[in-house]
Amino acid sequence: MTLITISILLLIVILIVVKNIYIVQQSKAYVVERLGAFNAVWDVGIHLKIPFIDRVVKKVSLKEQVHDYPPQPVITSDNVTMQIDTVVYFSITDPKLYAYGVENPMTAMETLTATTLRNIIGELELDQTLTSRDIINAKMRQILDDATDPWGIKVNRVEVKNILPPTDIQNSMEKQMKAERERRQAILQAEGTKQSAILVAEGERESAILRADAEKQARILKAEGEAQAILRVQQALADSIKMLNDACPNDQVIKLKALEAFEKAADGQATKIIVPSEIQGLAGLAGSVKGIFEE
């Protein structure tokens, strides 16, 4: 065997070995068969396949995947046909089951999603369908997750993206929504008018209360002022009487003070004054004295 032949054989062996070296990337898994039967699942790293004996039958992505399915015609329990499209988030948890569990898993899951959606919507009425997205999502996720377990698929969540009722029902719903908005607007306007009237009435009531309080305070202050004046006059009279008593006046002084009081009374509006007899003599004497001094 010549050197050239050996070199060619060696080169062929190297090429075969290199070609059968596999590097599995992150978030990937390879399903390998040996002589037509399942052998192993290759994880991340370098793997060597035995030529002509081992075969990589499926390369599986372990990342979470998203499938957006086209709208499906569904019928509600009150016989309304609508179009609903869904989005399914899933991940492959068992590459072996995914490879051998069902033929064409993606098509199988799409068909299962459509039939599950029809079954769930068939139990609901139109209004329930439009207002129960969370319930529909939860039921679909649970059913799909249970059904796809033998396929090595984990359904993480399901979202109902669009619900499209027939055109005539959409028009009726728009009219109903418009009427509801107008009703709410009328209620808000009525509430605003009511609140405005209440505020005006409260303002008038508070204003009347303040005016009444002001008048009351004015009357109280006036009465207190008059009471203080009377009290001071009485106090001055009492003080003068006390001073007079302290001076021990005789009868003539007392009579003279009485005469002065009658003189002040005579200057008033009285038309008749009765003078006691004991003061009349003193009055005459006072008049004589006054005449002497005037001469």
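Me: Contact means heavy atoms within 4.5 Å. What percentage of contacts in the protein between residues at least 6 apart in sequence join residues at least 24 apart?

Reply: The figure is 62%. The structure is a predicted model, in which local features need pLDDT of at least 70, side-chain atom pairs count only at pLDDT 80 or more, and totals for chains, interfaces and linings use all residues. Residues are numbered from 1 along each chain as its sequence is written, and side-chain values use heavy atoms, leaving out hydrogens and water.

Me: Why is α3 called oblique to α5?

Reply: Helix α3 (residues 105-121) packs with helix α5 (residues 133-148) at an angle of about 140°, the axes lying 10 Å apart. Angles under 35 degrees count as roughly parallel, over 145 as roughly antiparallel, 65 to 115 as roughly perpendicular and the rest as oblique; therefore α3 is oblique to α5.

Me: What makes up the contact of α3 with α5?

Reply: From α3, M109, L112, T113, T116, L117, I120 and I121 meet I136, K139, M140, I143, L144, A147 and T148 of α5. These residues comprise 10 nonpolar, three polar and one charged; Ala, Val, Leu, Ile, Met, Phe, Trp, Tyr, Cys and Pro count as nonpolar, Asp, Glu, Lys and Arg as charged, and the others, Gly among them, as polar.

Me: Why does T115 count as partly exposed?

Reply: T115, a residue of helix α3, has 34% relative accessibility. Buried means under 20%, exposed over 50%, and partly exposed in between (1.4 Å probe, protein chains only), so T115 counts as partly exposed. Buried residues make up 22% of the 295 residues in the protein.

Conventions:
Axes are lines fitted to C-alpha atoms, for helices over the stretch in contact, and angles run from 0 to 180 degrees between N-to-C directions. Helices (H or I, at least four residues) and strands (E, at least two) are DSSP runs, numbered from the N terminus.
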